[in-house]
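Morning, everyone. Please bring up the model on your screens.

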Amino acid sequence: MFDNDFHPAWLPDTALRTVGSRRLALAADAAGAPPADAAVLATLETELGRATTAHGGAVVGPDDSPDLLLRLTASSAPGFRLVRHDGRVTVTAASPTALLHGYFHVVRLSVAALDAPSTDESHAPASALRMLDHWDNVDVHPVMGQVERGYAGGSVFYDAGRVRTDLSRVTAYARLLAAVGIDRVSINNVNVHAREARLLTDDLPEVARIAAALRPYGVRTHLSVSFAAPTTLGGLPTSDPLDPAVRDWWRAAADKVWTAIPDFGGFVVKADSEGQPGPFAHGRDHADGANMLAAAVAPHEGLIHWRAFVYNHTQDWRDRSTDRARAAHDHFAPLDGRFADNVIVQVKHGPMDFQVREPVSPVLSAMPGTRVALELQVTQEYTGQQRHAVYLGPAWSEVLRWQPWDSSTVRDGGTPVTVADVASGRGPGRRAGGFAAVANVGDDRFWTGHPLAQANLYAYGRLTWDPTLEPTAVLDEWVSLTFPDAPAELRAAIHAILDASWQTYELYTAPLGVGFMVRPGHHYGPDVDGYEYTPWGTYHFADRDGIGVDRTRATGTGYTGQYAAPWRDVYESPTTCPDELLLFFHHVPYGHVLHSGKSVVQHVYDTHFEGVERVARMVERWDEVAHLVPDDVAHRVRDRLAEQLRSAVEWRDQITTYFWRKSGVPDSNGRRIY
Ligand code: GCW
């Protein structure tokens with residue numbers, strides 16, 4: 001169902017009140033601008049008109065003493081500059097899109113931007129590349145539905161096997177993205193089925209329509225493509241990346257794409273992963289594959305986002321020597337230095353698969369000669385599927401701030417290099433790959449199913465623009481924009497519900513970094529042994545004595561050796577390994593005593609009871625403030641919190657019962673275990 005009466009998310013008209021009550025001016029000459037720039041300038045005009053019409057201000061000429069002047073300037077600086085002097089704010093930028101980001105910056109700060117002491121500030125994103133990947137299918141897939149791992153209804157782009165006729169909601173989406181600085185979207189699933197593959201060829205005019213709907217807000221379009229396209233679409237006998245006919249096919253395909261969409265961004269590729277075709281079938285490696293595509297798009301300054309999510313998904317569970325966590329590093333680190341300049345190797349934040357707690361992927365620090373992008377998952381596949389309120393800002397912030405090397409590896413200014421620095425091109429090697437994330441929106445009225453899950457999309461944009469932001473401050477921005485007249489008690493309640501919600505989710509689900517324990521297939525709800533005897537490489541190895549995966553160099557899979565110092569040693573020993581990752585790196589007895597002073601099994605009991613209590617308090621907090629938000633938001637959040645509580649109880653009871661039955665160790669607090 002397509003609900004065109006959708007929620008305004010963080011851009012309700014009331015969020016424009018302060019700006020819209022002022023005198024606003026735009027100084028830019030669209031004449032002669034490339035069409036994409038002209039489209040964004042037209043948007044700026046529309047935005048100024050929209051705000052002032054709603055709130056009694058006026059759009060005036062640049063020389064008519066505006067309170068806010070937006071001016072396009074010739075400069076090579078990225079981002080925008082904000083100067084406040086004599087009560088007037090001037091925002092300048094070299095590109096219309098950056099100017100639009102500057103306008104939304106003023107909207108976000110409102111009074112603090114317009115009525116504050118004089119200032120002269122430059123604002124630039126950490127990296128020029130901030131992308132969202134949609135796992136949307138054109139057709140409804142028999143198992144995965146319209147949006148793979150989508151928890152917000154159907155796709156905003158497609159309906160019933162075709163691109164939507166009415167794409168106005170796509171433009172509204174681009175507007176929300178522009179307001180948080182996201183300027184690239186890949187519009188189809190990385191699992192490219194036959195129907196979706198045709199977006200590259202026969203359906204190009206439809207892709208051009210989507211690009212036209214995103215363009216006015218400065219959002220560029222990317223496509224996921226199938227590595228086997230020369231064979232499946234082009235009828236060639238092979239898709240071997242070194243075959244001249246294959247190279248020609250891709251070159252011609254790319255030429256057609258850029259003819260149809262001159263500001264097209266590039267291709268995203270999932271190759272040799274979970275059944276997707278790739279270079280291995282032709283005896284080639286991933287550098288051969290990626291570089292062939294890179295050559296095809298290079299004349300258009302296009303990019304290849306090549307995913308590092310490559311592992312054996314047909315593993316024998318009896319085989320203890322194969323470790324899925326090792327796979328991305330084993331495949332990609334040896335290829336460092338071989339990728340073309342316009343290839344970005346896109347790396348999931350952890351070595352497994354978007355679990356609630358994983359160590360940071362060692363690939364991110366193993367490829368100084370490669371542009372590496374950090375991939376996050378905004379859609380809550382393993383974190384409650386947008387039925388549970390889980391604010392992921394703090395989790396991403398931990399990853400972004402993590403330091404892969406010791407403090408002697410520094411960036412300009414002498415601060416130790418973080419993961420955000422690596423992705424932003426400020427680490428060793430200094431080549432930016434930027435950020436990508438799996439999107440969480442659909443055609444649901446609230447965009448994200450759970451209204452509070454909007455905060456995750458908001459935070460992804462803000463934290464990748466500036467990875468040093470505090471996630472709770474970002475949440476506060478989201479509340480201010482989304483509920484512009486929020487009384488202090490609503491604001492406090494939303495913080496109480498969301499600030500620590502990621503830890504709360506961790507408390508009642510798989511413990512101490514061991515991961516999974518979810519129901520195979522849909523990945524919702526507990527199933528402790530659900531993946532234990534499957535080919536997917538996601539095991540916890542619980543027996544009557546203990547649990548966890550030995551990934552040490554001394555006695556395990558050797559995964560710890562993929563890290564630089566000091567982590568290779570920190571993780572190697574259970575005495576230095578952080579508690580929250582203990583079972584990711586070590587197989588320990590149930591009686592093993594954590595740094596917290598508790599045994600592993602008692603920790604499991606305590607955290608699971610505490611997690612449920614915390615969810616019960618979230619429910620109460622919402623009930624206290626629900627009357628302060630519109631009824632539809634109030635009800636949707638209440639329904640979802642009720643489901644979260646039911647599910648948390650189920651998790652608690654299954655996990656505590658499992659550990660009790662395996663270990664025979666009773667809960668020292670004597671609580672009810674089954
Ligand atoms: O997390 C897993 C998902 C798959 C997904 C895959 C990937 C698109 O369960 O649905 O496929 O990751 O990242 O490619």
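How many residues surround the ligand, and which are the closest? Before I answer, keep in mind that this is a predicted model.

The count is 15 residues around the ligand. The closest are Glu-148, Lys-270, Arg-307, Lys-348 and Glu-381. What kinds of residue make up that shell? Eight are charged, three are polar and four are nonpolar.

Now zoom in on the oxygen atoms of the ligand. Start with Arg-307. One of its polar side-chain atoms sits 2.7 Å from a ligand oxygen. Go to Lys-348. There, a polar side-chain atom is also 2.7 Å from an oxygen of the ligand. Then find Arg-149, where the distance from a polar side-chain atom to a ligand oxygen is 2.9 Å. How much of the ligand does the protein bury? On its own, the ligand exposes 350 Å², and 97% of that is buried by the protein.

Next, the helices. Look at α2, residues 35-55, and α3, residues 96-109. Their axes come within 8 Å of each other and cross at roughly 20°. Parallel or perpendicular? An angle under 35 degrees counts as roughly parallel, so α2 and α3 are roughly parallel to each other. The crossing of α2 past α3 is left-handed.

Here is a second pair. Helix α15 covers residues 471-482, and helix α16 covers 488-498. They pack at about 135°, and their axes are 11 Å apart. That angle makes α15 oblique to α16. Is this crossing left-handed or right-handed? For α15 and α16, it is right-handed.

Last, the backbone. A quick reminder first. Most peptide bonds are trans, and most residues other than glycine have a negative phi. Now the two spots.

Go to Pro-566. The peptide bond into it from Ala-565 is cis, with omega near 5°. Where is Pro-566? You'll find Pro-566 in the loop between β19, residues 546-547, and α18, residues 567-570.

Then go to Asp-86. Its phi is positive, about 50°, although Asp-86 is not a glycine. Asp-86 is in a loop as well, between β4 (80-85) and β5 (88-93).

Technical notes
Residues are numbered from 1 along each chain as its sequence is written. This is a predicted model: local features need pLDDT of at least 70, side-chain atom pairs count only at pLDDT 80 or more; totals for chains, interfaces and linings use all residues. Side-chain values use heavy atoms; hydrogens and water are left out. A residue is near a molecule or strand if one of its heavy atoms lies within 4 Å of it. A polar contact is a pair of N or O atoms within 3.5 Å; within protein, one must be able to donate a hydrogen and the other to accept it, and residues adjacent in sequence count only if both atoms are side-chain atoms. Accessible areas come from the Shrake-Rupley method with a 1.4 Å probe; for residues, only the protein chains shown count as cover. Ala, Val, Leu, Ile, Met, Phe, Trp, Tyr, Cys and Pro count as nonpolar, Asp, Glu, Lys and Arg as charged, and the others, Gly among them, as polar. Axes are lines fitted to C-alpha atoms, for helices over the stretch in contact, and angles run from 0 to 180 degrees between N-to-C directions. Helices (H or I, at least four residues) and strands (E, at least two) are DSSP runs, numbered from the N terminus. Angles under 35 degrees count as roughly parallel, over 145 as roughly antiparallel, 65 to 115 as roughly perpendicular and the rest as oblique. A crossing is left-handed if the near helix is turned anticlockwise from the far one by less than a right angle, and right-handed if clockwise.
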